Structures are given as C-alpha cells and as structure tokens.
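Visitor: I would like to learn how to read a few local features in a protein model. Could you walk me through them?

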Amino acid sequence: MTVEVQQPLNSVDLEAVGGLVAAVQADPAKAKTTWAAHVSWEGGFRSAAKVRGFDPTPSDEPPALGGGDSAANPVEQLLSALGNCLAVGYAANATVAGIQLDRLTVDVKGDVDLHVFLGLAEGHAGFDSITANVRIDSPASREELEALHQKVIRSSPVGHTLNNQVPVNVELA
C-alpha cells in the first residue's frame with residue numbers, strides 16, 4: 001500500500017498564516033509587533049547580529065573598503081533583506097491566491113556614492129536607488145502574476161520601510 005503525502009502549496013503553512021490573520025482580526029493589538037537585533041563588534045570591520053535564537057549573522061566589508069571580506073557588508077544585507085521580504089510576500093500571497101510557484105528569484109541591486117561615507121562630502125550616505133528584478137516560473141497567467149506582484153509591492157514591510165521616510169533614532173547609552 002502506498003501512502004501519498006501532500007505538501008502544502010508552495011510549502012506554505014496556510015493554517016499558521018490563517019491563524020495569525022484570525023488572531024489579529026479578533027484582537028487588532030496583536031498586529032503591533034516589535035523586532036530586534038543585537039550587534040556585537042568583533043574587531044576591524046567585523047560584527048555579528050544576533051536575532052532571537054539563531055546563530056549570529058556576520059558582517060564585514062570588502063577589502064577595497066578596508067575589511068577582510070569574510071561576510072556580506074551592511075548594505076548588501078539591506079538589499080538581501082528586501083529580496084527576502086519580497087520572496088516571503090510572493091510565497092504567502094501566491095499561496096493564498098492558489099498560485100503555484102515553480103521558481104522565484106529576486107535580484108536586488110543598489111547604487112551608493114561613497115563620498116559621504118568616506119568623509120569627503122556632506123549629504124546623503126545611503127543608496128541613491130535600489131532596483132529589484134523578480135522572476136517567477138509558474139503555470140499561472142500573466143494577469144494573475146501581475147495581480148500578485150501588485151499585492152506584494154503594496155504589502156512589503158521592508159519595501160515600505162525603504163520607500164518611506166522612517167524615523168531612526170540612534171542613541172549613545
């Protein structure tokens with residue numbers, strides 16, 4: 001006798017997602033969440049970010065910026081965060097819509113002028129622009145994928161954070 005085990009669509013646990021939606025609908029205060037990271041400097045330009053119970057995520061700079069190139073640097077991690085957030089959004093929203101994803105890739109790149117970072121000028125030290133290129137292989141129609149894309153763009157927490165001025169308060173303890 002053969003027992004067929006069904007994997008959930010796109011390997012997304014819709015029951016868990018649905019449970020969260022129901023909990024927030026029942027108690028809107030549950031939608032307010034706080035996320036945190038603890039970063040420790042390890043010498044040179046190396047540091048590590050500790051999040052919840054996970055192994056620390058290392059950070060370093062490439063040799064051209066004086067680092068040892070032992071890990072992605074902070075701006076690369078920011079781009080990765082956007083790509084990962086978009087991937088979660090596509091997986092979640094595709095699954096809710098019944099869209100099968102066979103393959104999903106997000107290529108993210110950004111332009112930074114180093115003059116301010118290097119102390120050679122005053123002004124904006126961050127990205128001048130960021131571009132994400134999303135590729136989806138799916139049996140869904142182009143129209144369904146366009147609707148999915150628009151929903152993801154409208155609901156990406158990292159995308160919204162990067163697109164809007166968000167107050168950042170850095171205090172010296």
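Guide: Gladly! Keep in mind that this is a predicted model. Shall we begin with the charged pairs?

Visitor: Which residues does the salt bridge at 2.9 Å join?

Guide: That salt bridge joins the side chains of arginine 135 and aspartate 107. Here, too, distant parts of the chain are linked: arginine 135 is in strand β5 and aspartate 107 in strand β4, 28 residues apart. Arginine 135 counts as partly exposed because its relative accessibility is 43%, and aspartate 107 is partly exposed with a relative accessible area of 43%.

Visitor: Where do arginine 142 and glutamate 146 lie?

Guide: Both are in helix α3, four residues apart, which is about one turn of the helix. At 62% relative accessibility arginine 142 counts as exposed, while glutamate 146, at 34%, is partly exposed.

Visitor: What about a charged residue without such a partner? Is glutamate 61 buried or exposed?

Guide: Glutamate 61 is buried, yet has no salt bridge. The nearest side chain of opposite charge belongs to arginine 46, 12 Å away. The side chain of glutamate 61 makes one with the side chain of asparagine 73, at 3.1 Å. As for its setting, glutamate 61 is found in the loop between β3 (57–59) and α2 (74–96). Its contacts beyond four places in sequence include Phe45, Gly67 and Pro74.

Visitor: Why does serine 138 count as buried?

Guide: Buried means under 20% relative accessible area. Serine 138 has 19% relative accessibility, so it counts as buried. This serine sits in the loop between β5 (127–137) and α3 (142–155). Its side chain reaches the backbone oxygen of glutamine 100 at 2.5 Å, and a polar atom of that side chain lies 3.0 Å from the backbone nitrogen of alanine 140. Leaving aside residues up to four places away in sequence, serine 138 touches Ile99, Gln100, Asp102 and Leu145.

Visitor: And how should I read serine 129?

Guide: Serine 129 is in strand β5 and counts as partly exposed because its relative accessibility is 34%. Serine 129 touches Lys109, Gly110 and Asp111, not counting residues up to four places away.

Visitor: Which residues form the nonpolar patch on the surface?

Guide: The patch is formed by Leu14, Val17, Val21 and Val96, with about 310 Å² of accessible area together. Helix α1 (residues 14–26) gives the largest share, three residues. Valine 21 is found in helix α1, and at 42% relative accessibility this valine counts as partly exposed.

How values were computed. Residues are numbered from 1 along each chain as its sequence is written. This is a predicted model: local features need pLDDT of at least 70, side-chain atom pairs count only at pLDDT 80 or more; totals for chains, interfaces and linings use all residues. Side-chain values use heavy atoms; hydrogens and water are left out. Helices (H or I, at least four residues) and strands (E, at least two) are DSSP runs, numbered from the N terminus. Buried means under 20% relative accessible area, exposed over 50%, partly exposed in between (1.4 Å probe, protein chains only). A polar contact is a pair of N or O atoms within 3.5 Å; within protein, one must be able to donate a hydrogen and the other to accept it, and residues adjacent in sequence count only if both atoms are side-chain atoms. Contact means heavy atoms within 4.5 Å. Lys and Arg count as positive and Asp and Glu as negative; His and the chain ends are not counted. A salt bridge is a side-chain nitrogen of Lys or Arg within 4 Å of a carboxyl oxygen of Asp or Glu. Patches are made of residues with over 30% relative accessible area and no salt bridge: like charges are joined within 9 Å, nonpolar side chains (Val, Leu, Ile, Met, Phe, Trp, Tyr) within 5 Å. Accessible areas come from the Shrake-Rupley method with a 1.4 Å probe; for residues, only the protein chains shown count as cover.
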